[in-house]
Amino acid sequence: MSFTSLQELIELAEKENTTIAEIMLKTEEEQKGIPKHQLLEKMAELLEVMEEAVRKGTESPVMSRTGLTGGDGYRLNLYAQKGISFVHPKTLDTLSYALSVSEVNAAMGRIVATPTAGSAGILPAVLIHALESGRFKREEIVLSMFTAAALGLVIANKASISGAAGGCQAEIGSATAMAAGTLVELAGGTPSQVGNAVGIALKNSLGLVCDPVAGLVEIPCIIRNGLHAITAQAAADMALAGVNSVIPPDEVIYVMHEVGQQMPESLRETGIGGLAGTPTGKKLMGQVFNQKTGSQPAKYQSAYDIIGPIMVGPSSSHTAGAVRIGSIANQLLNEKPVHVKFSLMGSFAETYEGHGTDVALLAGVLGLSTSDENVPFAKQLAEQNGLSYEFTKRILGSYHPNTVLIELEGETRSIKILASSLGGGKVEVQELDDYPLKFSGERPTLVIRHIDKKGFLSELSNILNKHGFNIARLGLERSKKGGQAITICEVDARSVTVIIPILKKELEILEDILIVHLP
């Protein structure tokens, strides 16, 4: 990317006399090779999904699958219409919109992770409120989403957007800062004012813990989305009024990372401490699950790593990320699955039922996408398709808290992957069949099984280069010299199917080759 800090981003925009949104859009064009109009069309589709979620929860009550929460977006919308509120009714609209999106998420409806599902109500709320104000055209709102993406990329790469890694400040705090900066640029503010809005908003969220009751993305997540949507608007107005963030925003982001690192595990999405550990929190957990209750940043590069994916709720890490991990396993097996064992660690292990991680992993293994409305019914689909499954908890090593080992069997072959959900739906495979190989599946990825041979990588690189493919990541692991080996090759291309028969013909030692690519 052309920027790695907010200061660089601000200076770049000022130097080129342009907006942060245009810088992000240009960066996206260069990285993906997709024309500007197509990138804007894709972002417009995301805005439509956001707006659908806003309307769904304000026009009628939406209840969560557990019944613990729901209907508050609708209630607040009705109250705002009475005109008797302390806060201006139009401002209350923003709050009700954020509640609505979060309630749709808790009901496992379709939302857009911004940057995560747990904080998905904030940006849609302020954007739809801005659209309804009549001050901005829909096209301007769509373009402003690239501002949000750029700000989110810096935060994600410098700190974290994962509650399991950095607490709720990493999710709600990041979303609030993104929304505040976006509103400033949308209103014609300078790049420096955008930075001030980010700093002001993020400072107000420092130390916010992730303490979901019963491990569900409901209490207090939904209410926090609503209140922080208003915080984003207030931070934007402060910046536009000339209020500065005395501590530079990049330093605030660094501090957020430090605070997250020092936060105890019980306050990082485990559903153990904070509100989750109160007597009522424990009682609700027992009520939901009918059981006794006891006492590394991702390398985010694309705008759509931050604004997206479109997904079925309730959690981008635990649901969307889990679907994607399961999907990678499905593609690697490359045949109908008959049995799967999931071994969960950390936050995955503690909260997998509440976040829907179990059904999400199964859905991915069955070949469903993050936005498929059948994700909640994956267990029934598994039974219909003859797929048996089991879930266990175990310590898997020093990996991200949201990590799972999948042992997947088909009728003729089996595979094993260790993978982590890093936040915002982004995932990374850590091991494949016990080989320490890392890949994400975001780019078309060639998974090549072969015999170790001197010059193999050189031959592979030459063939790909000859046919116009650029290698983005390349890794090889072997059992021994001259023994079994696996090569992972990610390429910058939209499709790589044409190269498969060529590789099979020219690489004699090749045993098997598959393509892994997440939609």
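Guide: A salt bridge is a side-chain nitrogen of Lys or Arg within 4 Å of a carboxyl oxygen of Asp or Glu. The model is predicted, with local features requiring pLDDT of at least 70 and side-chain atom pairs 80 or more, while totals for chains, interfaces and linings use all residues. Residues count from 1 along each chain as its sequence is written, and side-chain values use heavy atoms, without hydrogens or water.

Visitor: Which side chain of opposite charge is nearest to Arg324?

Guide: Arg324 belongs to helix H15, residues 316–333 (helices are DSSP runs of H or I, at least four residues, and strands of E, at least two, numbered from the N terminus). Arg324 is buried (under 20% relative accessible area; exposed is over 50%, partly exposed in between; 1.4 Å probe, protein chains only).

Visitor: How many residues apart in sequence are the parts tied together by Arg55 and Glu132?

Guide: Arg55 and Glu132 form a salt bridge, with closest N and O atoms 2.8 Å apart. Arg55 lies in helix H3 (residues 36–59) and Glu132 in helix H6 (residues 122–132), so the pair ties together parts whose sequence separation is 77 residues.

Visitor: Is Asp358 buried or exposed?

Guide: Asp358 pairs with Lys379 in a salt bridge, the closest N and O atoms being 3.1 Å apart. This pair links helix H17 (residues 357–365), which holds Asp358, to helix H18 (residues 378–384), which holds Lys379. Lys379 is partly exposed at 30% relative accessible area. At 7%, Asp358 is buried.

Visitor: What is the relative accessible area of Asp434?

Guide: Asp434 meets Lys416 in a salt bridge of 3.2 Å, N to O. Lys416 lies in strand E6 (residues 414–423), and Asp434 in the loop between strands E7 (426–432) and E8 (445–451). Lys416 is partly exposed at 25%. Asp434 is exposed, its relative accessible area being 52%.

Visitor: How many salt bridges does a search of the whole structure find?

Guide: Some residues are linked in a network of salt bridges, namely Glu428, Arg443, Arg473, Glu490 and Asp492. For the whole structure, the number of salt bridges found is 19.

Terms used:
Lys and Arg count as positive and Asp and Glu as negative; His and the chain ends are not counted.
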